[in-house]
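Let us take a friendly walk through this chain together. Have the sequence and the coordinates open as you read.

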Amino acid sequence: RRRVHGGSIPEFLHCNTQMNLFGAKKKQQPTTATPQEAIQRLNVALENLEKREKYMQKRVDKEQDDARRLVNAKNKKGAMMALKRKKMYEVQLDKINGTRMTIENQKMALENANFNMDTMQAMNMGARALQSVNANMDLDRVDQIMDNIQEQMDIANEISDAISQPTLGAQLDESELEAELAELEAEGLDETLLSVEATPEPVPAAATRTPVLDLPSAPNNRVALNDEERQLRELEASMAM
């Protein structure tokens with residue numbers, strides 16, 4: 001004990017006083033592992049449990065064989081001990097299987113949570129990017145741009161139509177052309193009629209004083225030809241009108 005002003009204080013109070021003077025040590029906060037690190041640690045734990053399970057299974061098989069061998073040797077007490085050890089290993093084996101199942105469920109839940117976290121982060125990043133893009137765009141400005149585009153397209157169409165129109169020197173009056181064509185058709189019809197009227201008609205045989213000879217009469221091809229030609233020309237004239 002230490003004496004202070006004629007009295008004594010317990011040793012633990014003296015220690016507390018020193019701790020208050022120099023400051024108590026802060027407890028270190030456990031570091032939080034990342035999902036990938038936690039999944040890796042769980043995989044290691046599963047591998048160790050699998051090794052442990054194989055070892056326990058071998059012990060169970062060995063004790064089973066020993067019990068069978070001792071039974072055959074009529075060593076009932078030894079066989080009973082072997083079965084007890086076998087039962088003990090089977091209990092441990094069941095616990096290992098339960099632990100493995102728990103870790104596998106935890107691993108699956110962690111993987112799902114990690115996947116969901118990555119998905120949410122990606123969606124959040126996409127939302128912020130979309131918000132940034134929309135912030136630089138104004139609906140009124142978009143409407144103005146679209147109106148400007150439509151206006152320029154209309155101007156381009158007007159220019160194209162103006163270029164495709166014939167020049168003033170090339171413009172013709174179709175009515176004048178039709179009138180000139182009608183005059184040409186009329187002239188052709190007059191010439192056709194004049195040529196038909198100028199063709200001489202054959203003289204009858206009774207009007208001549210030429211003695212009639214007993215000769216075979218020649219076919220009247222000229223008259224027939226004139227009739228056919230007349231009909232053909234009349235048809236041409238009617239079609240021209």
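## A helical chain and its nonpolar patch

Helix α4 (residues 139-164) gives the largest share of the nonpolar patch, 6 residues. The patch covers about 740 Å² of surface, and its members are Val133, Met137, Leu139, Val142, Ile145, Met146, Ile149 and Met153. One of the residues in helix α4 is Met146. Please keep in mind that this is a predicted model.

Stepping back, the chain holds 6 helices and 2 strands. Along the sequence they come in the pattern β-β-α-α-α-α-α-α. Of the contacts between residues at least 6 apart in sequence, 69% join residues at least 24 apart. A few values for the whole chain are gathered here.

| Property | Value |
|---|---|
| Buried residues | 10% of the 241 residues |
| Accessible surface | about 21200 Å², 57% of it from carbon and sulfur atoms |
| Mean pLDDT | 76, with 67% of residues at 70 or more |

Now to helix α2, which runs over residues 35-72 and has 38 residues. From first C-alpha to last, helix α2 reaches 55 Å, close to the 56 Å expected at 1.5 Å a residue. After helix α2 comes Lys74, with a positive phi near 65°.

Which residues of α2 are buried? They are Ile39, Leu42, Leu46, Leu49, Glu53, Met56, Val60, Glu63, Asp66, Ala67 and Leu70. The spacing in that list is worth a look beside a general point: an α-helix has 3.6 residues a turn, so residues three or four places apart point the same way. The cover over the buried residues of α2 includes α3 (76-135).

Why does Glu63 count as buried? Its relative accessibility is 2%, and buried means under 20%, so Glu63 falls in that class. Beyond its neighbours within four places in sequence, Glu63 is in contact with Ala82, Arg85, Lys86 and Tyr89.

Finally, a word on confidence. Over residues 1-9 the pLDDT stays under 50, and the model has 11 contacts beyond four places in sequence for this stretch. Residues 17-21 also have pLDDT below 50, with 2 contacts in the model beyond near neighbours in sequence. Where pLDDT is low, the predicted coordinates should not be read in detail.

Notes:
Residues are numbered from 1 along each chain as its sequence is written. This is a predicted model: local features need pLDDT of at least 70, side-chain atom pairs count only at pLDDT 80 or more; totals for chains, interfaces and linings use all residues. Side-chain values use heavy atoms; hydrogens and water are left out. Patches are made of residues with over 30% relative accessible area and no salt bridge: like charges are joined within 9 Å, nonpolar side chains (Val, Leu, Ile, Met, Phe, Trp, Tyr) within 5 Å. Accessible areas come from the Shrake-Rupley method with a 1.4 Å probe; for residues, only the protein chains shown count as cover. A salt bridge is a side-chain nitrogen of Lys or Arg within 4 Å of a carboxyl oxygen of Asp or Glu. Helices (H or I, at least four residues) and strands (E, at least two) are DSSP runs, numbered from the N terminus. Buried means under 20% relative accessible area, exposed over 50%, partly exposed in between (1.4 Å probe, protein chains only). Contact means heavy atoms within 4.5 Å. The expected span of a helix is 1.5 Å times one less than its number of residues. pLDDT is the predictor's confidence in each residue, from 0 to 100.
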